[in-house]
Amino acid sequence: MVSEKKYPMTVSGKKKLEEELEYLKTVKRKEVVERIKIARSYGDLSENSEYDSAKEDQAFVEGKISTLESMIRNAVIITEDELNNDEVQIGKTVTFKELPDGDEETYTIVGSAEANPIEGLISNDSPIAKGLIGKKKGDEVKIMTPGGEMSVTIVEIK
């Protein structure tokens, strides 16, 4: 039997996923069903682009619901008690400076389920996070990214 993938995440990350799942089940699903009903009323379904579009949306919503349910079911919650205070790991916010004279950047390392780089949340599966995990403040780290190798110094971990 194949075991399902585990999804490390924070309590707040799991809560966001649960809220999105609830929205999809109670609001979005009903909207799509209503669109299908309206499109059916137009008659011939073989050349009904509104119907085709609504059915595609329905497939997307149902797929997303299934994915979120799996992520929530297989969530591994990262708690503050489990965190090592001086090491970069999931749940920690790390500030680093790109060498030789780059700007400081700050990211919180989270599980892939709650990653949102625009909000400063990067996945533990990302090249930057993989390069930083396990390192300590003051460490100089070489990270392989799709854009090439970058060197950074870890400034702060919290």
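1. Of the 158 residues in the protein chain of this predicted model, 35% count as buried, a term that stands for under 20% relative accessible area with a 1.4 Å probe, protein chains only. Local features need pLDDT of at least 70 and side-chain atom pairs count only at pLDDT 80 or more, while totals for chains, interfaces and linings use all residues. Residues are numbered from 1 along each chain as its sequence is written, and side-chain values use heavy atoms, with hydrogens and water left out.

2. The protein chain has three helices and seven strands, where helices are DSSP runs of H or I with at least four residues and strands are runs of E with at least two, numbered from the N terminus. Along the sequence these elements follow the pattern β-α-α-β-β-β-β-α-β-β. The radius of gyration, taken over C-alpha atoms, is 21 Å, well over the 15 Å that the globule rule (2.2 Å times the number of residues to the power 0.38) gives for 158 residues, so the protein chain is more spread out than a compact globule. Its C-alpha trace spans about 70 × 35 × 30 Å along the principal axes.

3. T10 lies in the loop between β1 (7–9) and α1 (11–40), and this residue is buried, with a relative accessible area of 18%. The side chains of T10 and S12 are joined by a polar contact of 3.3 Å, meaning a pair of N or O atoms within 3.5 Å, one able to donate a hydrogen and the other to accept it, where residues adjacent in sequence count only if both atoms are side-chain atoms. Leaving aside residues up to four places away in sequence, T10 touches I77, I78 and E114, contact being heavy atoms within 4.5 Å.

Key: Buried means under 20% relative accessible area, exposed over 50%, partly exposed in between (1.4 Å probe, protein chains only).
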